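Dear colleague,

Please find the structure below, handed over for your own work. My findings follow directly after it.

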Amino acid sequence: MADENPIERLRPGQILADSAVTDYIKAMGIAIAEAQMQLDINSLRQVGEYVQPREGLGGKSLLELGLSPPFYHYQHADLTVSMQIVMKIGEQSAFGIGAKLDFGFGQGGRTAAANAREAQITLRSLPGSVTANGRQTDATGSDLEAAGEQIATALRAPTGPFERATPRTNRRPVRASLEPAAARNPVLTPGAVAFFPSDESSTGIIRITQTPPPPTPQAPGEVFQLASGKETTVPGQANRTLYARQVVTQINALGGFRARLVNDAGGNSASPDAPGALGIALFDTGSSRLRRAALDELQLVARSIRDGNLSVVVTGYGDTRNTDEFNRNLGQQRADAVKQQLVANGVDSARIRTATGGEERWRGTPDGTDNQQFRRAEVTLDGSSDLFIMVESNGTQLQTTPLPDRTNGSAGNGFILARRFAAQPVDGTALRVGESQTSVAISGAAVNAGEANHPASSPEAFAFNLTRDINANSTTHRVRATQQGRVVMLSNAEDAVIIDLVSLSANEITLTASGGASVTRPIGTITPGPTASQERPNVSVAVGLSVDYRKARQFEQSVNGNSSISARLVAVPAPVEFLDEIKQYLSREVTPAPPAPQG
């Protein structure tokens, strides 16, 4: 028994306790407290300046004029400590612990609950399965991203035990080339192949900046002429939005064209406006995966951006059912997903800027509001707040110069973009993929596979067949394909889908995985902070712990770590009682001294 390794008997908590984690936390917390004290002292020192009578103010003080010294308060602070503890015994053995401690200080219940825990699933290949609390979810097929979304949906409340289940993919560059190299359809961009309709088509953008005056016999309204025999006069309306809707209605009534007001997601108060938007993509709860409707819309938007040499901003949003930080991260993921799809459709990435709006835009609604329109990303014409109507052909081509013509940059309502596209059949015959440059034939055969039904030679049929055939031989060329509407996304076969999980309850959760799925971060332990009162902020701690042990003999230990503090500073008015006391003191009459005796 002399050779028994004592490290084997140590619990993770013992090793973590021996590593001075509390010293890190204590030092960071004291730093915040000392900074707060200095702010308070500074505010108190200003009182003398506010009660001093000033000649330029008629002998009055700043306090008498209604001003008061500001007090500053650290409303929110995040303390993060990351440590990696490695214990080695011999040359081939190690005991590894990764610990993440997140501290949150907040008001109004917007911080994560003290019971918050995190976990992570990694999906590397299919088939794979994940079991949470005895409920198993199986993922099969070849679309790893779709399988990751399926697992995340099953693990996410209300069906699963986790309030958050967010899938993401870490993509690496894939080598690919078209045969022939001069092919014009499909379009090959880094990491994607996009198929376009082969028949002639046209697209346009109508800008609406104002509504015309009320109709009169001499001026019944504004004339929109799209093609020969396709002309309509639109009367003025009560406001710009109503006028834009009327333009859409009358263009669609002409036949031969499809018109859509971009910012009008549903025409009701629950659908927020999006001035300047060329496109809107809606998302499922907690997801950044593009829906089929968004894929179709973004292809039209991409064509308009590309052919109009436009510059756009893509802003992603989350609803109000999670923390600010979570929704800002999710908003950025949604914006990145839209940008990736636009680039895949041939848009120069330099023309796209991304941003996240989190939930800030919906501050006027109660926390926890479930509104589909809040889970969105907007493609907005950079620097514009106008309303835009997207027009595409439906059997009739736009004339060369539709009216009103504003393509020269002139002011007013009208077409700022009009493009006609000649018939361009798919002339690409194969796609070479991977370092081996394996040739995969491009086929437009009709598709009838379950829910996938696409007519022959349609862009969706080409994308479906290419995706299927690339995945059928991925073990050879090490490339995986995912169909997104008319686009085929390419990734390395070794790329994995990561599903980040967060639980906000103290309920016991069992989590296992098998096949191509694995639990790469087990559910973390709970270390709640002090109970908060109404006057003091809530404090929460979330700890994630992973342990890896390989038996060895010679002992060696090393510790690496880093820490950070981010704080939000706000100004708050001085307490009313404090100011009243000062005013009462200043208003007291000073009894004059008796006169000196004479004589």
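Asn133 is partly exposed, because its relative accessibility of 41% falls between the 20% and 50% limits. The model is a predicted one. Asn133 sits in the loop between β3 and β4 (135–139), and its phi is near 55°, a positive value in a residue other than glycine. Arg478 also has a positive phi, near 60°. That residue is found in the loop between α9 (474–477) and β23 (479–484) and is partly exposed, at a relative accessible area of 35%.

Two cis peptide bonds deserve a mention. One joins Leu126 and Pro127, with omega at about 5°; Pro127 belongs to strand β3 (residues 117–132). Another runs from Leu403 to Pro404, where omega is near -5°. Pro404 is placed in the loop between β17 (387–393) and β18 (414–421).

The structure contains 24 salt bridges. Among them is the pair Arg480 and Glu145, whose side chains meet at 3.4 Å, N to O. Arg480 lies in strand β23 and Glu145 in helix α4 (residues 144–155), so this pair ties together parts that are 335 residues apart in sequence. Both partners are buried: Arg480 has a relative accessibility of 7%, and Glu145 has a relative accessible area of 8%.

A further salt bridge is formed by Arg321 and Asp370, with the closest N and O atoms 3.7 Å apart. The pair links distant parts of the chain, 49 residues apart: Arg321 is in the loop between β14 (312–317) and α7 (324–344), and Asp370 is in the loop between β15 (352–358) and β16 (376–381). Arg321 is partly exposed at 31% relative accessibility, whereas Asp370 is exposed at 52%. Arg321 and Asp370 also belong to a network of salt bridges that includes Asp319 and Arg375.

Asp469 and Arg468 form a salt bridge as well, their closest N and O atoms being 3.0 Å apart. Asp469 is partly exposed at 27% relative accessibility, and Arg468 is partly exposed with a relative accessible area of 41%.

Finally, Phe283 is located in the loop between β13 (277–282) and α6 (292–308). Its relative accessible area is 0%, so Phe283 counts as buried. Leaving aside residues up to four places away in sequence, its contacts include Leu290, Arg334, Val338, Gln372 and Arg375. Arg376 is another residue that Phe283 touches; their C-alpha atoms are separated by 5.8 Å, although the two are 93 residues apart along the chain.

With kind regards

Key:
Residues are numbered from 1 along each chain as its sequence is written. This is a predicted model: local features need pLDDT of at least 70, side-chain atom pairs count only at pLDDT 80 or more; totals for chains, interfaces and linings use all residues. Side-chain values use heavy atoms; hydrogens and water are left out. Helices (H or I, at least four residues) and strands (E, at least two) are DSSP runs, numbered from the N terminus. Buried means under 20% relative accessible area, exposed over 50%, partly exposed in between (1.4 Å probe, protein chains only). Contact means heavy atoms within 4.5 Å. A salt bridge is a side-chain nitrogen of Lys or Arg within 4 Å of a carboxyl oxygen of Asp or Glu.
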